[in-house]
Amino acid sequence: MGLQESESLTCKVNVTLPYTTPVVGVKFKPTVRVVGITSLPAPQHNKKFSWYREKITCSVHHLQLATIQCMSCVALDMPVRESYYCSKQCFLDLWPQHKARHCLAAESVSKASNDCYSLMGRLRSSGSWTGFGIGSIFVESETLVEREGKTWIKVGSSETYVPSMDDFGFCLMFESLAIDCSLGFPLSEIKSIMTDLVIIPPHPCPRHMIQIQHLKEPRNIVFESQSSNADTFSVLSYNILSDIYASRSAHVKCPGWALEWEYRRKNLLLEITGYDADIICLQEVQSDHFENYFKPKLTKRGYSVTYKKKAMQVYTANQFISDGCATFFRHDRFKEITKYELEFDKTALSVVEGLEPGQRTEGQIRLMKGNIALVIILERVENGSSLGAFQPRICVANTHIYANPNLPDVKLCQVASLVNGLEKIAQTQIPLLICGDMNSLPGSDPHKFLVTGRICPVSSKETADPLGIYNLLKLQHSIPLVSAYSSLLCSGRVKEDEKKKMNQETKEPVFTNLSGGNSSTLDYIFHTENDLEVEGLLELLNSETVGDALPSALWSSDHIALMANFRFKQAFCREPHSPPPQNPWHQAAPLS
């Protein structure tokens, strides 16, 4: 570098990687900051970016650069460096030995997966076994640079880069440079930073539906003949872990790349759409992610959508963000009749007004947490069913109850408020579903209230209700609610291994949340027992399938999805529907 050029360097480029392991198909975006070398700020500048991959040598002739790659090797998880050859002739000369390695790898994969169809799909998707693996051809015009004794090939020139299968098994190098806006000469030295080897994301683990045969049914009835598709529907409930809560500090056991929203959103969408549910209830859906990702993606797949965000926002990345509940339903199966957006802060105002004047400020602070519920009444679309002229309706409540375990009175207040309004809807003979993250353990007051219809908690300064809020709540209801997953324990066809994933005492899953080293059951699907019958349940997970903590590279939330197949009971469908109540919750106006 000459003296004149050195004197023009007035800036320094700092680069930070979001994580060190790039993943095929996931956008990789370093953070680049330009600062002045002196105490003065950096002058006006542009930034120039370059991405490089290690130049690959032939697996046979180690001094020759590779020109082709066998993608079947990649599909079979063989060592990637053995898949490169310097010419087609080189590949053909080694084809007998290479084919033998394919066969050994295929046999190994087949034994591990026990799924020959999946294996053949992986081979066909590579498109290269019969085509002699010409997956990557490096032309003479490619830019090559020498860094630290290695040859690198330029693969990109933007701030972000999406690794491809060509990058799998190799390191990437990112370079950034500050340049003068008008003249284009360098204002900084080139800043280079290398990544770890590019990896392929793990294959998703499918979860299967478990058929439920109620013990009261005759054992000779064939499950598939019990109901038609017109009589049944499926419901999925899933807290997907909002990105604003997916911090490294809270999820230390999850790889950094697997926490990135760019990776998690694809994994979550793949999982959610794979369940193929008729109704989807999601919690912790970030408002911008709903509008920009889940709404358009699921709309294209035939779902109608509705969303309610929480009343409180979180400040992050120089903006205020909120999360909320999103409900999706197939528009070819259901149509919306009416919708209620419940804000627990508003329903709590009547409770606050019932407190002693000196307690109202404290009560307002204690109860106003911004949580919400989204309640929608759906009617089945006319499809020539034999159930009669009146198409069945279903009321679906999707909610996320306050999380803090030290405020159980707030949880019970929110759950009681939700149920008291739903009770008015149930009086119109509409079946009910309550889906969501209740943030309440089995056997807790909110859970007991839901499944037993009555609770008599004690209020005192020494208990969890120091303000006497319980005394102001209506803590009884007449809705015959049961937990869908309790059917697992009373089914005649469920294997014992699946029943071990249930708590025999609480009749709920052993866990639905696994975060921070603690497992707990927080998520539920409740339904009215007299209107709906469970015909199938999504299999639960255990420590062997999940590991030590969630989220992980395989599962992109700290909760697991719950799903149930329901059948309408025909007796209910033959009467005309009463009009749904206009305002079951009578939400009060804010206090002045």
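How many of the residues of strand β16 (residues 323-330) are buried? In this predicted model, where local features need pLDDT of at least 70, side-chain atom pairs count only at pLDDT 80 or more, and totals for chains, interfaces and linings use all residues, the count for β16 comes out at 8 of 8, so the strand is mostly covered, with buried meaning under 20% relative accessible area, exposed over 50% and partly exposed in between (1.4 Å probe, protein chains only). Residues are numbered from 1 along each chain as its sequence is written, and side-chain values use heavy atoms, with hydrogens and water left out.

Strands here are DSSP runs of E with at least two residues, helices are runs of H or I with at least four, and both are numbered from the N terminus; two strands pair if DSSP finds at least two bridges between them. Strand β12 (residues 279-286) is held to β16 by 6 bridges, with Leu282 opposite Ala326. Glu284 counts as buried because its relative accessibility is 9%.

Ile279 is one of the residues with the most contacts inside the largest nonpolar core, a set of 58 residues. Such a core gathers buried Ala, Val, Leu, Ile, Met, Phe, Trp, Tyr and Cys residues joined through side-chain atoms within 4.5 Å. Beyond its neighbours within four places in sequence, Ile279 is in contact (heavy atoms within 4.5 Å) with residues including Phe233, Phe328, Phe334 and Val396. A second, separate core has 44 residues, among them Leu342, Ile377, Met438 and Ile479.

Elsewhere, 6 strands make an open, mixed sheet in the order β17-β18-β19-β20-β26-β21. Its edges are β17 (334-343) and β21 (481-483), each pairing on one side only. Strand β21 pairs antiparallel with β26 (residues 523-528) over 3 bridges, and Leu481 stands opposite Thr528. Across β20 (432-437), β21 and β26 lies helix α13 (residues 445-452), at about 20 degrees to β26; axes are lines fitted to C-alpha atoms, for helices over the stretch in contact, and angles run from 0 to 180 degrees between N-to-C directions.

The loop between β20 and α13 holds Asn439, another non-glycine with positive phi, about 50 degrees. At 12% relative accessibility, Asn439 counts as buried.
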